Amino acid sequence: MNATPENDGGDDIRIETLASTHFDDIGRAYAGIARTAAAALGVDRVSIWLFSADFQRLHRVHDHRETGRNDFGLSLDLSQRPDYVETLAAGALFSVEQADEAPHAGDALTDYMVAKGIRSMLDAPIRVGDELTGVVCHEQAERRTWSGVERDRALRIGAIAARIIAADRRHRSAALSRQARLLVEDSADAMAIASPRGALEYLNPRARTLLGLAPDEPLFGLRLVDFLQPASRTQGTQRIYPAARENGSWTGRVHLRTRQDSAVEATATLNVYRGSGGHIEHLFCVLRDIAAGRHLDARIEEMRHRHAQVLSQAGECLIVIDPVTLALRNASSGLERVLGYDDQQTRALSLYDICAEPAATLETFVRRVKRDEHLLCGETRVRHAEGHWVDVEMSMVWRAAGGRRRASISVQLHDITERIQRRRDIERLAYYDPLTGLANANLLRERAEGMLADCVQHGRSVGFLLLQLDRWQRILDIQGYQIAESLIRQVGRRLKRAFRQREVLLARVLGGVEFGVLYDASVDDAQNLARIAHEAFREPFRADRAHLHLSIRTANARAPLHAVNFKDLTKRAGIALRNAYLRNLAHCEYDTTQSSRLHDERLIEEDLRTAITTGDLPLRFQPIRSVAPGRTSIGAEALIRWRHPQLGLLAPQDFVPVAEENQLIMALDRYVLRSAAASAARWYGDFGTLSVAVNVSVVTLLNGDLPSLIAEVLDTSGLVPARLCLEITETAVMHDHRTATRILTAIKQQGVHVALDDFGTGYSSLAYLKDLPIDTLKIDRDFVRGIGADSRDEHTIETIIRLGHDLGIEVLAEGVETRFQLEWLTARDIDYAQGFYISMPLTERSLLTGRFKTRHTRH
């Protein structure tokens, strides 16, 4: 800086000029405050923020830069910074003279400073009356010590901002009052305001007409009960008033008499409004003339009631729009409160201008509300006058034409910003580490599984870089938990800063001292990413008032070279990390020599290749029975075994994972499909209706060639398509729902049946399930095992059966091992059953000769 603010007398003149300036618009006032503050304190940037009602968040309303560009819409969570709020609430300045020394490193305030490149900051409170309302934030990109003169100027500017905001609030309050009065005055409903004892204080024009009073006739001495017919006055004083006082409101029919003694039958709604201390402040009555046909149906009456209350409810507004052009005809005061549009701006807008929904969607809403009269549109976003979006819940009510009134649509908007923020906070807790702000294991796993599915389909490569802090237990023992947590926060900040230019996912693994970097290995190089990570730890970290050097070791594994699923990818990276420690390396790439298990798997892989070629992989068939009376086996599931020359007969779990990791799974699936179809084709004689079910892996399903393979298998074997059932897991479907649905639809068009295996253990939603071309749901054996022991498993099974039948899908329970389980399932209308109680897996010969015990009895 070439000049010091202390010696510049012109800066004080600028502040005095600001204090004497009258602003017609709060936006211009914010700009004037920011310009003056930037010049008077010689800072790079000034931003203005307002507190939420609970002082847990700061919302930015103005951002001044030297370029003149404004940036709105940022919100900071202050729940971890009570010191910040307490300092400002006491009327003091909050200063940061060196960003590296800011307390609570890693919180939202510090993250904001890091993201914006702010090294020093001085926040002046804005206090309207005795209430802390906001701050004027002076931001500097260099380290800076704030002088006494600068602090005084900041406080003066904050006080000026408070006066301007207070004046704007008074102006807006007066405008809202005028608008509220206009809405009431123009209302088609008769409205009355009375004292707690029922003395009339105000009647709108419609009420004066209904009760026979002249427009200028005084109300002194008149009570609400004076306009009840004599026979009804006792009802008013002894039943209506007490009910309204007790419940807050009363609605019913009343018999009125006008000043001219004419009888009027009307519906009345009497609302009781209480002050903050619980005492009654006034009564508000709405009258509708039944004889004149001005009563509304229940939904319209509810909307009118909400319209009457909207004037005193922050966060709600009511707009009346033209049903053809969607232009805004008029609006309640809430529109300015929620969205910031004044009367002049409102008259120039349409719903197209402010709603985020496409024009076609809005026009669909209009057609539906005209047909149904009431429509809940749900959650959407509307544009604020300052340019940012506001989350709202929108509903519409059709108002038909009548008399001189044109048809219109009442649109109600309810501000749900806090609800959406709470939802985002919950999602953040579920997917982000609270200490560092990095992704947690949940988000890492979901993102990795998505990238791995893409890897299988498109031949891309996925990398996982694992980082671990060295000597952490020693640091923890010496420094203690508080310093350790501070160091973890700083590590999170360092990693964010180091990788901010990279398209990677940073995660804290299981909340420990291991961190993961998930990346597209087709774009980024592991060695380069490891170098970036190690460079981030060159500078020392702060440990209380001392400095501490931390070091890391890194290891890398890639898919599909080293693994094809997330579990094995992280396992391979862990093996490489252990190898880095054993060989005292800073970084280690995984290779096959690092795992003796992988060596064994390589031997199994070679033998498996040979077995697939020679056909030394016999099939077993487990019968599937219909539970319907008089039915027998409807099919059998093909289960592969391997007669290994040294290891004997192996179950699928012993060699299928090897096939998945070594890209043999598609060859294995082709072998099983061809063998099972050939067997089923031979069953046509004595077992002409017996079908065969074959499991297919996610790799084979998503490969894209499966429909062609099915056609080739059916053609070669001569098997009728309806006697082949393809079993796929819901996890396989959810890897890529669209691709899986497209491929399964093509298979269904060939006449082949499709079953969804292990249903209930994955994460498919009803929205996906109803679109899947499936014939059968298979309930996982883990739920069947809980029958008679776990009511939650029983409820789950009942829900799946009802769901399947409602969607026209048959339901099969697998893992049935006892008579009690079968009878329980039978009583709940299960379609099919499979398990050891029905039959063990059989050779083809045993299956065809019926060498299994039929234990099922239908009750």
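Q: Is aspartate 12 buried, exposed or in between?
A: Aspartate 12 is partly exposed, at 28% relative accessible area. Buried means under 20%, exposed over 50%, and partly exposed lies in between (1.4 Å probe, protein chains only).

Q: What am I looking at, and what are the ground rules?
A: This is a predicted model; local features need pLDDT of at least 70, side-chain atom pairs count only at pLDDT 80 or more, and totals for chains, interfaces and linings use all residues. Residues are numbered from 1 along each chain as its sequence is written, and side-chain values use heavy atoms, with hydrogens and water left out.

Q: Back to aspartate 12. What forms a salt bridge with it?
A: Arginine 156 does, with the closest N and O atoms 3.2 Å apart. The pair links distant parts of the chain: arginine 156 sits in helix H5 (residues 148-185) and aspartate 12 in helix H1 (residues 9-20), 144 residues apart. A salt bridge here is a side-chain nitrogen of Lys or Arg within 4 Å of a carboxyl oxygen of Asp or Glu. Helices (H or I, at least four residues) and strands (E, at least two) are DSSP runs, numbered from the N terminus.

Q: And how exposed is arginine 156?
A: Arginine 156 has 24% relative accessible area, so it is partly exposed.

Q: How many salt bridges by that rule?
A: The count is 35.

Q: What about arginine 502 and aspartate 524, how far apart are the closest N and O atoms?
A: They are 2.9 Å apart, in a salt bridge. Both partners lie in loops: arginine 502 between helix H16 (481-498) and strand E18 (505-509), aspartate 524 between strand E19 (514-520) and helix H17 (526-535). Arginine 502 is partly exposed at 29%. Aspartate 524 is buried at 10%.

Q: Which residues do salt bridges with shared partners join into one network?
A: Asp11, Asp12, Arg14, Glu16, Asp152, Arg153 and Arg156.

Q: Switching to sheets. What is the strand order in the open sheet of 5 strands?
A: The order is E18-E19-E17-E22-E23, with mixed pairing. Two strands pair if DSSP finds at least two bridges between them.

Q: Why is one side of E18 and of E23 left without a neighbour?
A: Because each stands at an edge of the sheet and has a single partner strand.

Q: How are neighbouring strands turned against each other?
A: By 20 degrees on average, direction ignored. Axes are lines fitted to C-alpha atoms, for helices over the stretch in contact, and angles run from 0 to 180 degrees between N-to-C directions.

Q: In what sense do E18 and E19 pair?
A: Antiparallel, over 5 bridges. Glutamate 514 in E19 is the bridge partner of valine 509.

Q: Which strands does H17 touch as it packs on the sheet?
A: H17 touches E17 (462-469), E19, E22 (552-559) and E23. Its direction makes about 155 degrees with that of E22.

Q: New topic: where is glutamate 844?
A: Glutamate 844 is in helix H30 (residues 844-848). It counts as buried, because its relative accessibility is 19%.

Q: What does its side chain make a polar contact with?
A: The side chain of arginine 682, at 2.9 Å. A polar contact is a pair of N or O atoms within 3.5 Å; within protein, one must be able to donate a hydrogen and the other to accept it, and residues adjacent in sequence count only if both atoms are side-chain atoms.

Q: Leaving aside neighbours within four places in sequence, what is glutamate 844 in contact with?
A: Phe621, Ser679, Arg682 and Trp683. Contact means heavy atoms within 4.5 Å.
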